[in-house]
Amino acid sequence: MEQPVILDVEDLCVGYGRVEALHRVSLNVRAGEIVTVIGPNGAGKTTLLSAIMGLLPRSSGNVRFLHSAAREIEVERMVAMGMTLVPEKRELFGEMSVEDNLLLGAFMRRRLGHRDERATMDEVFGTFPRLKERRDQLAGTLSGGERQMLAIGRALMAKPKLLMLDEPSLGLAPLIVREIFRVIGRLRQTGVATLLVEQNAKAALQLADRGYVLETGEIALAGSSGELRDNPRVVESYLGLGGKHQQ
Amino acid sequence: MDLQIALLLGQDGIVNGAIYALLALALVLVFAVTRIIFIPQGEFVAFGALTLASFQVGRVPGTLWLLVGLGVLVAVVEIGIATRNGTLRRLVSALTWNVAYPAVAAIIILLGEPGTWPLVVQVAAALALVVPLGPMVYRLVYQPLQSASVLVLLIVSVAVHLALVGLGLLFFGAEGSRTTPFSDARLDVGGVVVTGQALWVVGASAVLIVVLYVFFERSLWGKALRATAINRTGARLMGISTTQAGKLSFALAAAIGAASGILIAPITTVYYDTGFMIGLKGFVGAIVGGLASYPVAAGGAVLVGLLESYSSFWASAFKEVIVFTVIIPVLVWRSLTTRHVEEEE
Ligand SMILES: Nc1ncnc2c1ncn2[C@@H]1O[C@H](COP(=O)(O)OP(=O)(O)O)[C@@H](O)[C@H]1O
Ligand SMILES: [Mg+2]
């Protein structure tokens, strides 16, 4: 049975000043799905996630999340409704402990009256035992991989319905990338929908159910992960040995 | 100078230093969370003291009208925004705090007889009138300027300061006031007389500092304010609204200012413009802490108090000059020793 659409982006346009960074982007995510957006550096992937989250104003188009389409999106409201973003720059609270970073991940849930942050934190520690060992350490002193784990763990503390990840593999060693992707894959079983933005197309298409290819601010291709993996254009640009954008 | 005088001056210095320390903490807090250098901090000191003094002589304090007036302005702004956006979600809470609350306060003060209230109740009433002015000022003046530069915010702060001093003159007149001390006790410590009020000032400041520490270390909102100060984008992604953090920090700063004013009102004659000088000395302390470190700022402020007190003995005409000149070596030293950490891009 098809799951209901929880995020529906329609003809989204976003600009920086007069320069248009996204042009009529449409995509959707269904409950429990992992959807990936791949594309080269500068394609507009970060801009897309920021605009969905409400960090950036949009010039036109619609973002509908769980059937609510506010004229103006506010970050705080999106968080309250169950959307969470793990940003490209992580944006951790460097001078605060790992544990405090995680607690703040549950800030909105606490404000909405939930008191289950300790149990959620235990789940996060179960997922990332490294964070438990370092719970009293300042976030700013963590290694790159640990920082990414903390950023994802902090996002999970909000018990999101939609988790958006902006290049979680960026700058990490292959072994850690594999661990992070395994965690993202396991989230599917808990019913969380994931919108995964990646330059690492190979890993992303292995994990995701469906994908979109974003190039210079426009959706160039869309399809199931299998279709995209077999698409000659994707193979040439993103997967093949001579792939232009493959690091 | 003999030991007795030295101790007496030291006592004066610590009493004043405790107040400067409170104000320094408030300044650091507001700057860290909002990037605003809160020049009008001192006006909240004066408002706190003068509101309490008005109660004690049986007058209706002008801050009541300020509360009602600012509340109406905020309500007008919020209604305008709500009708434009078609969202009524926030309007109820805005009207509760900015219209209903001042109205209830006005009824209680106009119908009750504040002059006959016990001191504790008068103090609570003075805080209840002055503290909400902080978030109201933030809402009206600073919230629309959230993304402005530090320099613009500083210029705006000077304007707010001048406006509030003017309103202080209008509402309280040019005469100074003193309030009745919290305690008439006098202790003889090694030949030096320590007044009960001095102990009140130092004790209450210490308690307030501990309360602030616990608030920032333990409470969710305290952590949320620290998070906003460290990484605003990160905080917003947790659902911590920059606006709410700003209002909360202004409420805390107003509370600290008003409490300081109430504490010194029995030992200093407070005029409508007294707050500025006091705030400025707290500011020197805050600068010593680089507007970033709470303990260094508080320590710096106590030093300012001591320095002021001893320089008033040797060179009383130059005491302000001496205190403000301290800033220069401190700034030189800081600029030489602190490494500027570039923001991660
Ligand atoms: N703050 C900004 N101001 C102006 N242009 C920007 C800004 N951020 C990104 N851009 C431009 O928008 C385009 C998309 O950037 P981005 O969304 O970061 O791409 P990606 O995440 O896919 O690498 C790029 O051309 C980039 O130069
Ligand atoms: Mg990016």
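**Ligand, core and rings**

Me: Which atom of ligand 1 is 3.2 Å from a polar backbone atom of Ala43(A)?
Reply: An oxygen atom of ligand 1 sits 3.2 Å from that backbone atom of Ala43(A). A polar contact is a pair of N or O atoms within 3.5 Å; within protein, one must be able to donate a hydrogen and the other to accept it, and residues adjacent in sequence count only if both atoms are side-chain atoms.

Me: What kind of model is this?
Reply: This is a predicted model: local features need pLDDT of at least 70, side-chain atom pairs count only at pLDDT 80 or more, totals for chains, interfaces and linings use all residues, and side-chain values use heavy atoms, with hydrogens and water left out. Residues are numbered from 1 along each chain as its sequence is written, while chains are lettered from A and ligands numbered from 1 in the order in which they are written.

Me: Back to the ligand. Which residues are around ligand 1?
Reply: Among them are Tyr16(A), Ala21(A), Pro40(A), Gly44(A), Lys45(A) and Thr47(A). A residue counts if one of its heavy atoms lies within 4 Å.

Me: How do Lys45(A) and Thr47(A) touch it?
Reply: Lys45(A) uses a backbone N or O atom, 2.8 Å from a ligand 1 oxygen. Thr47(A) uses a side-chain N or O atom, 2.4 Å from an oxygen of the ligand.

Me: New topic. How many residues has the largest nonpolar core?
Reply: It has 82. Phe38(B), Leu133(B) and Tyr142(B) have the most contacts inside it. Such a core is a set of buried Ala, Val, Leu, Ile, Met, Phe, Trp, Tyr and Cys residues joined through side-chain atoms within 4.5 Å. Buried means under 20% relative accessible area, exposed over 50%, partly exposed in between (1.4 Å probe, protein chains only).

Me: Which helix gives the most to this core?
Reply: Helix α1 of chain B, residues 3–34, with 16 residues. Helices (H or I, at least four residues) and strands (E, at least two) are DSSP runs, numbered from the N terminus.

Me: Why is Phe107(A) with Trp221(B) edge-to-face?
Reply: Their planes are at 90 degrees, with centres 5.1 Å apart, so the pair is edge-to-face. The pair crosses between chains, from α4 of chain A to α9 of chain B.

Me: Buried or exposed, Phe107(A)?
Reply: Phe107(A) is buried, at 0% relative accessibility. Trp221(B) is partly exposed, at 25%.

Me: What about Tyr142(B) and Phe250(B)?
Reply: That pair is tilted, 5.3 Å centre to centre, with 50 degrees between the planes. It links distant parts of the chain, 108 residues apart, from α6 to α11 of chain B. Tyr142(B) is buried at 1%, and Phe250(B) is buried at 0%.

How values were computed: Phe/Tyr/Trp six-rings, centres within 6.5 Å; stacked < 30°, edge-to-face > 60°.
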